[in-house]
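User: Hi, I have a structure to go through for class. Can you walk me through it?

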Amino acid sequence: MRFIGRIEHFGSLIYDTERKEYIPIDQDGTNIILNVSPNVDLETLYYKYFSHRFSYLNFKSFLQLIQSIEMIDKDYNSNVVFLENSDLEFFLNNKFISAPLKVHIALTYECHLKCRHCFSNSGKKSEEEKNSELSPEKIMEFLDEIKENGVFYVSFGGGEPFLKKEFIEILKKANQNKMNISISTSLSSINAKQIIETMQKENIKIQEFKISVEAVNSKEYTNVRGKNLFENLKNNLQLIIDYKKENDTFIRFSFVLNKQNYSFLPNFLSFAEQYSADGLVFYPIYNVGRAQEHPELFLTNQELEKIQRMINNMKERTKIEIEFFNIPLKFGKNGLYNNFGCGCGKTTIYLDPHGNILPSGMFIKYGRKFSLGNIKEKKFKEIWKENVEKELNKIEADPKCNNCMYFEECKGGCMFRSFDKYQKLSYKDPTCTINPL
């Protein structure tokens, strides 16, 4: 079946296995999809269930819409299979989605680089350390498990995911599960060329390459990365461009901004345009991992405001999609959750190489304090259900946010930044200058 659906508190979330995207459907639309069939008279269906909700014209328009995307055929046969969920009532009562939308999987903390800002402190690892990481079999079992729970967006990162020996086999499994796959990579490892060529040869479909570029000349690249592999990056970027010619792939460059490099923002854009990037994403440096050794790189709120103005100007003169992880955030804009705080632990989660599930990768700074559970010890379904009752998802909104015009989409901002500064999840993001603390 092309479409796979999950019943949710707002209606349903339906995944299109061909287009590799989620389609949120409200309660009325979900009820129409569940009840329409060749054996049901449309007028009877409308007047029995929906006439008090909307007009017959709107009813027919919705049917035409879902026919146009082939969710139902011209004879009103459904092309949607809804997943069974024994815990559905629990999630409906708690108004919490039955599974996240996306899982970020750190395959390894092995890395050939030693970046100053690395949140996971990745680098050269001993054989003992690498052997303690999740086996490829366990990772592929996990991919099956999240698929059974309706999770189809997956991002592979690290460390450097290209250094995971069984990376190609893991990608094949995700492809087999018809998942939307994103890869976060430096694209500078010695085996990157081989991996990309194998992807092409094996017809492995990747929806997004998220390439951490960090610098656009050899000197700065070496300064940030610890090694001069800038030429490797440029050569491999050409391979990705060639891969894109035969595949529907989005190329996104990412940069971690700090006090020493944000003035180069226009250069970052020029580099992205030169190498045919579709998107750019900028993150401010976080006080976590190796960055803790470099407090001189941290940005002030005034500098963040200056960066936002620079990025706004850049957006006006390019077709490249540009994002900046800055206040106000947009996590709440999709309406999938009502809780305070960003979407971490609510719509997205992070799986570390040792099996711990965290709200996001930044929370590795606090060890098991924020672990939702470990997939070596519990099934994912059980971990996610228990997550609903975690402190992370029971936070009362900071009163300072209540009257903010951006509250519904921002929800108070980044929970990690709040906890890291104040040791409280209930405080609004300390980088916010819209309503100063």
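Predicted model: local features only at pLDDT ≥ 70, side-chain atom pairs only at ≥ 80, totals over all residues.

User: Okay, cores. How many residues does the largest nonpolar core have?
Analyst: It has 88 residues. Phe-156, Leu-171, Met-199, Phe-253 and Phe-282 have the most contacts inside it.

User: Which helix gives the most to this core?
Analyst: Helix α10, residues 230–246. It gives 7 residues.

User: What about a second core, which residues does it include?
Analyst: The second core is separate and has 23 residues. Tyr-286, Val-288, Phe-340 and Cys-410 are among them.

User: Back to Met-199. What is it in contact with, leaving aside neighbours within four places in sequence?
Analyst: The list includes Phe-162, Phe-167, Ile-168 and Leu-171. Ile-183, Ile-204, Ile-206, Phe-209 and Tyr-243 are on it too.

User: New topic, helix pairs. How do you even describe one?
Analyst: Two packed helices are described by the angle between their axes and the distance between the axes.

User: Which residues make the contact?
Analyst: From α1, Gly-29, Ile-32 and Ile-33. From α3, Phe-59, Phe-62, Leu-63 and Ile-66. By class, the contact of α1 with α3 has 6 nonpolar residues, 1 polar and no charged ones.

User: And α6 with α7? What is the angle there?
Analyst: About 15°, with the axes 10 Å apart. Helix α6 is residues 136–148, and helix α7 is residues 167–176. That makes α6 roughly parallel to α7, because the angle is under 35 degrees. α6 passes α7 in a right-handed crossing.

User: Who touches whom, and which classes are they?
Analyst: α6 brings Pro-136, Ile-139, Met-140, Leu-143 and Asp-144. α7 brings Glu-169, Ile-170, Lys-173 and Ala-174. The contact of α6 with α7 has 6 nonpolar, no polar and 3 charged residues.

User: Single residues now. Where is His-117?
Analyst: In the loop between β5 (102–106) and α5 (127–131).

User: Is His-117 buried or exposed?
Analyst: Buried, because its relative accessible area is 14% and the limit is under 20%. Beyond its neighbours within four places in sequence, His-117 is in contact with Glu-214, Val-224, Val-256, Ile-285, Val-288 and Ala-291.

User: And Pro-399, buried or exposed?
Analyst: Exposed, because its relative accessibility is 61% and the limit is over 50%. Pro-399 is in the loop between α13 (380–387) and α14 (407–410). Its C-alpha atom is separated by 8.8 Å from that of Tyr-427, and the two residues are 28 apart along the chain.

User: Last one, α15. How many of its residues are buried?
Analyst: 6 of its 8 residues, so helix α15 (residues 415–422) is mostly covered. The buried ones are Met-415, Phe-416, Arg-417, Ser-418, Phe-419 and Asp-420.

User: What covers the buried residues of α15?
Analyst: The cover includes β10 (279–284). Just after α15, Gln-423 takes a positive phi of about 60°.

Notes: Residues numbered from 1 in each chain as written. Heavy atoms only, no water. Core = buried A, V, L, I, M, F, W, Y, C linked by side-chain atoms within 4.5 Å. Buried < 20%, exposed > 50% of the residue type's maximum accessible area, 1.4 Å probe, protein only. Helix = DSSP H or I, 4+ residues; strand = E, 2+ residues; numbered from the N terminus. Contact = heavy atoms within 4.5 Å. Nonpolar A, V, L, I, M, F, W, Y, C, P; charged D, E, K, R; others polar. Axes fitted to C-alpha atoms, helices over the stretch in contact; angles between N-to-C directions. Parallel < 35°, antiparallel > 145°, perpendicular 65-115°, else oblique. Left-handed = near helix turned anticlockwise from the far one by under 90°.
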